Amino acid sequence: MDPESLTANQAAHQRANDSPAPVALENESSALAGGDLAYELGVWLRALRSFFEVRNHPFTEAERAKIPERDWANEMRMTRQALLRSSQLTLRLMISPKGGAELFENEEEAANLGMLSQPDASGHMGVEAADPSLVGLAEALGELCAVCEALLEAPSNSFHTWTSFGGLVTRELDRSKTAQELMQSAYQRAAANLPTPLLELTRTAMMPASLNADILIIYSDLARLLEHLRLIEDFLRRDHPLKQTLPLFTLVHEDAQALHDFIETRALRIEGMEHTIFDALDGTNYAIAMELRKVFSHELMGLTALHQAPPIYVKIENAHGLLRDCFQQSTVALAQLFDHALDGAQLFKSFHTKLEQSLALRHDLWMLLQLVRQAKEARDKYPLSRILERLADFRDG
């Protein structure tokens, strides 16, 4: 059974029964041969599906109570961006299956993708040997883009309009065998590319076979979540429009919640588990729940309504950093249960220990304290506006 057709809880249990380290398909399609491009396309297709699940969105309880009454036009615009991104990636795979060239970056060029919904689109685009399955997916995405554009011409988009369009997107992706292969391949990539130290631990660490399999699944899920965040980090680094990353965040929420449910309903219920391992898994679950709540009940709140670049950047950067640190710290903490000498830097180049983070925080607080003392002694040299500016920088950074 394809994990994409399952609910979060069912997918978690399905993973437990699947082979923990999927191998490459024997007859790999040309779409999957696209490497990183095919992977990113599979992630964006999964993100589109997760974006239409309201439970994955950053709403307060009060906002959730008013969901049927709100205007969903902002979310529809983000959907349009995600569809365009998916269309760009599909076209790039059609033109150059091995990838390497940059995607179209402006909407005028991207608008040319509309011709993919026309008959014999590959001939018009000069892609004589295009994979028919990719052409079919490109046509479906082009048609969905056209429908989305038409819906955005209305003064507002109701919840009914939003959910109906979501159902249409889901049905089109379900009908496409290529889309299903891309999503499944992207889902499995983390397990197939785990860092060598983690794979070695699951082979050599002394633990029950059932726990060994569960730990490997947990490592794979954490790696998958970090891969999603890597795509968001790429948007931050390239200074691309950042609101369009919200579907990726909703996918992170969905997969992280599935991992949380898996640990709670399966891994923590293994009989005869050592207390240290139980406590570590329980702590991991608590950390995941807390960071998800921080990000989706605070950091990303109000993102869809923002128009100024600086506050949008701050929200995305903070949300990305909180989740990345959580997943990295969780991976290292679990690994060190079985290898006390393992250094987090062996797994992640950007890894920072809680001690390093605490020292940095202490230094920044000390600098703020010095500024306040100086302002108190020489108010004419240190006006209140300067202190407020430094406090804002401290909060945002």
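## Overall surface and fold

The protein chain has an accessible surface of about 20,200 Å², and 53% of this area belongs to carbon and sulfur atoms; accessible areas follow the Shrake-Rupley method with a 1.4 Å probe, and for residues only the protein chains shown count as cover. The model is predicted, so local features need pLDDT of at least 70 and side-chain atom pairs count only at pLDDT 80 or more, while totals for chains, interfaces and linings use all residues. Residues are numbered from 1 along each chain as its sequence is written, and side-chain values use heavy atoms, with hydrogens and water left out.

The secondary structure consists of 16 helices and zero strands, where helices (H or I, at least four residues) and strands (E, at least two) are DSSP runs numbered from the N terminus. Of the 397 residues, 48% count as buried; buried means under 20% relative accessible area, exposed over 50%, and partly exposed in between (1.4 Å probe, protein chains only). Among contacts (heavy atoms within 4.5 Å) between residues at least 6 apart in sequence, 74% join residues at least 24 apart.

The expected span of a helix is 1.5 Å times one less than its number of residues. Buried residues of helix 7 include Leu134, Leu137, Leu141, Leu144, Cys145 and Cys148.

Helix 11 (residues 209-238) has 30 residues and extends 44 Å from its first C-alpha to its last, close to the expected 44 Å. This helix is mostly covered, with 22 of its 30 residues buried. Just after helix 11, aspartate 239 adopts a positive phi of about 60°.

## Aromatic pairs

The structure holds eight aromatic pairs. Rings of Phe, Tyr and Trp (its six-membered ring) pair if their centres lie within 6.5 Å; planes under 30 degrees apart count as stacked, over 60 as edge-to-face and the rest as tilted. Tryptophan 44 and phenylalanine 235 form a tilted pair, at 6.1 Å centre to centre with 55° between the planes. Because tryptophan 44 lies in helix 2 (residues 36-51) and phenylalanine 235 in helix 11, this pair ties together parts that are 191 residues apart in sequence. Tryptophan 44 is buried at 0% relative accessible area, and phenylalanine 235 is buried at 1%.

The rings of phenylalanine 59 and tryptophan 72 form an edge-to-face pair, because their centres are 5.9 Å apart and their planes stand at 90°. Phenylalanine 59 lies in the loop between helix 2 and helix 3 (61-65), and tryptophan 72 in the loop between helix 3 and helix 4 (73-95), so the pair ties together parts 13 residues apart in sequence. Phenylalanine 59 and tryptophan 72 belong to one aromatic cluster that also contains Phe51, Phe52, Phe159, Trp162 and Phe165.

## Salt bridges

Side chains of opposite charge can pair when their charged atoms come close. The whole structure contains 16 salt bridges, each defined as a side-chain nitrogen of Lys or Arg within 4 Å of a carboxyl oxygen of Asp or Glu. Aspartate 255 and arginine 46 meet in one of them, at 3.0 Å from N to O. Aspartate 255 lies in helix 12 (residues 246-265) and arginine 46 in helix 2, so the pair ties together parts 209 residues apart in sequence. Aspartate 255 is buried at 10% relative accessibility, as is arginine 46 at 5%.

Arginine 80 and glutamate 149 form a salt bridge at 2.5 Å, N to O. This pair links distant parts of the chain, with arginine 80 in helix 4 and glutamate 149 in helix 7, 69 residues apart. Arginine 80 is buried at 15% relative accessible area, whereas glutamate 149 is partly exposed at 34%. A network of salt bridges links Asp36, Arg189, Glu227 and Arg230.

## Leucines in loops

Leucine 194 sits in the loop between helix 9 (177-192) and helix 10 (196-204) and is buried, at 6% relative accessible area. Beyond four places in sequence, leucine 194 touches Leu199, Leu216, Tyr219, Ser220 and Ala223.

Leucine 300 occupies the loop between helix 13 (275-299) and helix 14 (309-338) and is buried at 0% relative accessibility. Its contacts beyond four places in sequence include Pro58, Leu246, Phe249 and Ile316.
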